[in-house]
Amino acid sequence: MAAPGARGRSLSGLLPAQTSLEYALLDAVTQQEKDSLVYQYLQKVDGWEQDLSVPEFPEGLEWLNTEEPISVYKDLCGKIVILDFFTYCCINCIHLLPDLRALEHTYSDKDGLLIISVHSAKFPNEKVLDNIKSAVLRYNITHPVVNDADAGLWQELEVSCWPTLVILGPRGNMLFSLIGEGHKDKLFLYTSIALKYYKDRGQIRDDKIGIKLYKDSLPPSPLLFPGKVTVDQVTNRLIIADTGHHRILVVWKNGQIQYSIGGPNPGRKDGIFSESTFNSPQGVAIMNNTIYVADTENHLIRKIDLEAEKVSTVAGIGIQGTDKEGGAKGEKQPISSPWDVVFGTSGSEVQRNNILWIAMAGTHQIWALLLDSGKLPKKNELTKGTCLSFAGSGNEENRNNAYPHKAAFAQPSGLSLASEDPWSCLFVADSESSTVRTISLKDGAVKHLVGGERDPMNLFAFGDIDGVGINAKLQHPLGVTWDKKRNLLYVADSYNHKIKVVDPKTKNCTTLAGTGDTHNVTSSSFTESTFNEPGGLCIGENGQLLYVADTNNHQIKVMDLETKMVSVLPIFRSENVVVDGPFLVEKQKTLPKLPKSAPNIRLSPVTVCAGQTLQFKLRLDLPSGSKLTEGVPSCWFLTAEGNEWLLQGQIPSGDIENISNQPTISLQIPNDCLALEAIISVSVFLYYCSADSSACMMKAVLFSQALQITDTQQGCIAPVELRYVF
């Protein structure tokens with residue numbers, strides 16, 4: 001079907017008629033009156049001499065969840081179509097997704113309805129298809145998505161904000177637009193009457209659109225989009241928000257799972273661990289065997305009692321709230337998309353963690369839940385269980401102010417506390433303003449630390465620049481953590497795919513790790529390391545290790561702040577733990593037999609202590625002009641004959657894909673050592689060909705490393721270089 005003559009292509013053409021309709025709907029009392037008004041409106045719009053026609057999707061756009069690109073005037077003829085203009089970082093766009101899902105459950109393409117999400121990026125990082133793919137998976141979007149990277153359709157229609165919905169008739173004719181979130185009733189009303197109106201005229205077709213879900217092509221993995229991670233400083237356990245699997249994992253520091261709570265599907269249920277469910281949880285905080293969880297898409301704060309093995313709700317009512325003041329008891333107080341939580345201390349004389357600070361991304365504020373009676377800065381005495389707003393007006397701005405309620409945030413997504421003087425503040429990763437801000441624990445004053453710019457209304461001052469204060473630039477940071485030992489703040493600069501470090505005294509912000517490339521390097525130095533939208537991070541091991549939730553790589557990365565090396569924490573289950581989420585079923589590599597000609601290189605003994613990480617850096621050279629054989633995986637293996645306990649929970653093997661970028665192999669010495677001396681062996685097998693591919697061969701080498709294990713805490717161990725020239 002050819003596109004008809006256009007009456008005009010911008011949404012402003014709908015404005016006069018739709019505004020009159022919406023005023024009339026305000027006076028309508030019954031549902032029948034509302035239905036009749038919308039039906040009459042459609043008669044008027046449908047009777048225009050020329051349609052207000054949507055432009056065709058330009059050729060060459062990238063599509064997801066479809067068998068092939070979709071054409072408005074070929075494939076969508078006879079359908080009511082909802083175009084959802086969104087950008088995946090936007091909390092308002094995220095809030096709209098449940099409404100769209102509910103509509104899809106009510107009407108299918110067989111009924112004549114199709115939803116298409118048009119991704120129009122705010123940040124440069126969001127234009128990349130792989131990142132949109134991750135968002136489609138993370139938010140379980142199952143309808144077609146088109147990447148309008150250059151915002152061509154956005155500009156032609158003169159769309160002005162995220163999210164915007166445009167409802168089309170069966171000829172590609174624009175019928176309605178809805179701007180922002182919170183219009184579920186109108187969305188259902190307009191859609192249902194449009195379907196009825198055009199069915200009455202025989203213009204609705206029930207043919208199916210070819211849907212091919214991107215998520216169906218992916219293998220399962222132990223973690224799926226982990227959003228946040230924190231450390232239990234008493235037991236050194238890690239608490240991981242396994243966001244994509246809708247569960248919370250409690251793991252030992254070697255990666256072995258102790259508890260898996262919730263998942264694999266979203267839900268909202270309290271009770272014993274095996275029955276409890278979450279919906280895309282993010283922030284986690286642990287104290288005294290109790291975990292508090294920002295259960296983001298349930299709009300709840302949940303409490304996990306590890307001793308009783310039960311989950312309960314302590315704040316929120318399970319539906320998105322719009323209240324920007326609060327003050328009710330937690331379980332009666334509506335809240336909106338909590339994204340992070342951290343413990344804090346009230347102004348009482350007895351110092352105790354009796355406040356749970358909450359990054360309330362949905363209302364652009366910082367809230368507090370009183371875990372015991374106490375006072376907040378510039379507040380009266382508050383009773384236990386009170387949940388209320390503390391900082392931020394609720395306007396989406398980058399506004400600092402001496403009075404916390406006059407300040408404004410833009411989707412705060414990460415929190416960390418520095419309770420000691422002279423800092424005495426909360427650090428806030430304010431994602432949509434691309435800044436890190438501070439809130440004084442003494443008087444509530446909100447101040448700028450790094451990123452952004454001075455104009456509080458400009459939420460587009462992002463970049464990737466090391467510098468001081470406002471001269472430093474970040475891109476949608478989602479996490480912060482305070483290093484009390486060094487008086488430094490680490491920042492997950494999420495859309496720059498980097499970890500940055502800030503000195504709050506000088507406001508100097510520099511890159512600590514990450515090249516900016518998203519290709520997953522599992523083991524490397526800080527300078528060679530890569531991340532993919534890291535969402536959270538925390539300090540452990542008395543300031544030696546920085547754990548990073550490398551969200552889009554589905555991993556927890558471990559950064560050793562002393563050796564400057566990065567490794568991956570293996571996540572694995574013991575025999576007696578129930579894990580609901582899917583795990584990557586990977587066939588265990590079989591150790592090949594070493595050729596008799598393989599040299600055995602005995603390395604000088606190394607002294608290590610329990611808990612320490614030893615790293616081996618491969619430094620292998622091929623004969624001149626040779627190259628690794630394509631399609632045949634060169635590989636390495638760890639063995640410890642007679643001391644297999646050394647390898648429990650370790651990654652025992654791996655591939656060597658590129659001779660110019662060889663892997664670093666990590667071995668974490670277990671806490672419970674069964675011997676004081678052991679030998680760890682590294683076997684390397686290389687398959688390579690001469691430059692002209694006239695001859696190909698397999699060569700091997702064995703490195704034997706003697707370990708002397710001591711109880712005495714050791715200093716920083718330099719990586720062991722495994723050098724050999726073939």
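**Helix packing and aromatic pairs, explained**

In this predicted model, the axes of helix 1 (residues 15-27) and helix 6 (residues 184-200) come within 14 Å and cross at roughly 110 degrees.

Q: Why are helix 1 and helix 6 called roughly perpendicular to each other?
A: Their axes cross at roughly 110 degrees, and angles of 65 to 115 degrees count as roughly perpendicular. Helix 1 and helix 6 are therefore described as roughly perpendicular. The crossing of these two helices is also right-handed.

Q: Which residues of helix 1 and helix 6 meet?
A: From helix 1 come Q18, L21, E22 and L25, and they meet K186, L189 and Y190 of helix 6. Sorted by class, the residues of this contact are four nonpolar, one polar and two charged.

Q: What makes helix 1 roughly antiparallel to helix 2?
A: The axes of helix 1 and helix 2 (residues 31-46) come within 10 Å and cross at roughly 165 degrees. Angles over 145 degrees count as roughly antiparallel, so helix 1 is roughly antiparallel to helix 2. Helix 1 passes helix 2 in a right-handed crossing.

Q: Which residues make the contact of helix 1 with helix 2?
A: Helix 1 contributes A17, Q18, L21, A24 and L25, while helix 2 contributes K34, L37, V38, Y41 and K44. Seven nonpolar, one polar and two charged residues make up this contact.

Let's turn to the aromatic rings.

Q: What makes Y259 and F273 an edge-to-face aromatic pair?
A: Two rings pair if their centres lie within 6.5 Å, and planes over 60 degrees apart count as edge-to-face. For Y259 and F273 the values are 5.5 Å centre to centre and 85 degrees between the planes, an edge-to-face pair. Y259 lies in strand 10 (residues 256-262) and F273 in the loop between strand 11 (271-272) and strand 12 (284-287), so the pair ties together parts that are 14 residues apart in sequence. Y259 and F273 are both buried.

Q: Why is the pair of W357 and F390 called tilted?
A: Planes under 30 degrees apart count as stacked and those over 60 as edge-to-face, with the rest tilted. The ring centres of W357 and F390 are 5.1 Å apart and their planes are at 55 degrees, so this pair is tilted. Since W357 belongs to strand 18 (residues 353-360) and F390 to strand 22 (residues 386-391), the pair ties together parts that are 33 residues apart in sequence. W357 is buried, as is F390.

Q: Which residues form one aromatic cluster?
A: One such cluster is formed by F85, Y88, F123, W154, W162, F460, F462 and Y495.

Finally, two single residues.

Q: How do you know that N553 counts as buried?
A: Buried means under 20% relative accessible area. N553 has 12% relative accessibility, so N553 counts as buried. N553 sits in the loop between strand 34 (545-550) and strand 35 (555-560). Leaving out residues up to four places away in sequence, N553 touches T518, N520, F531 and N532.

Q: Why does Y724 count as partly exposed?
A: Partly exposed falls between the buried cut-off of under 20% and the exposed cut-off of over 50%. With 25% relative accessibility, Y724 therefore counts as partly exposed. Y724 is found in strand 46 (residues 720-725). Not counting residues up to four places away in sequence, Y724 touches P599, I601, R619, L620, D621, V701 and F703.

Q: How many residues apart in sequence are Y724 and L21?
A: They are 703 residues apart in sequence and 78 Å apart in space, C-alpha to C-alpha.

Note on methods. Residues numbered from 1 in each chain as written. Predicted model: local features only at pLDDT ≥ 70, side-chain atom pairs only at ≥ 80, totals over all residues. Heavy atoms only, no water. Axes fitted to C-alpha atoms, helices over the stretch in contact; angles between N-to-C directions. Helix = DSSP H or I, 4+ residues; strand = E, 2+ residues; numbered from the N terminus. Parallel < 35°, antiparallel > 145°, perpendicular 65-115°, else oblique. Left-handed = near helix turned anticlockwise from the far one by under 90°. Contact = heavy atoms within 4.5 Å. Nonpolar A, V, L, I, M, F, W, Y, C, P; charged D, E, K, R; others polar. Buried < 20%, exposed > 50% of the residue type's maximum accessible area, 1.4 Å probe, protein only. Phe/Tyr/Trp six-rings, centres within 6.5 Å; stacked < 30°, edge-to-face > 60°.
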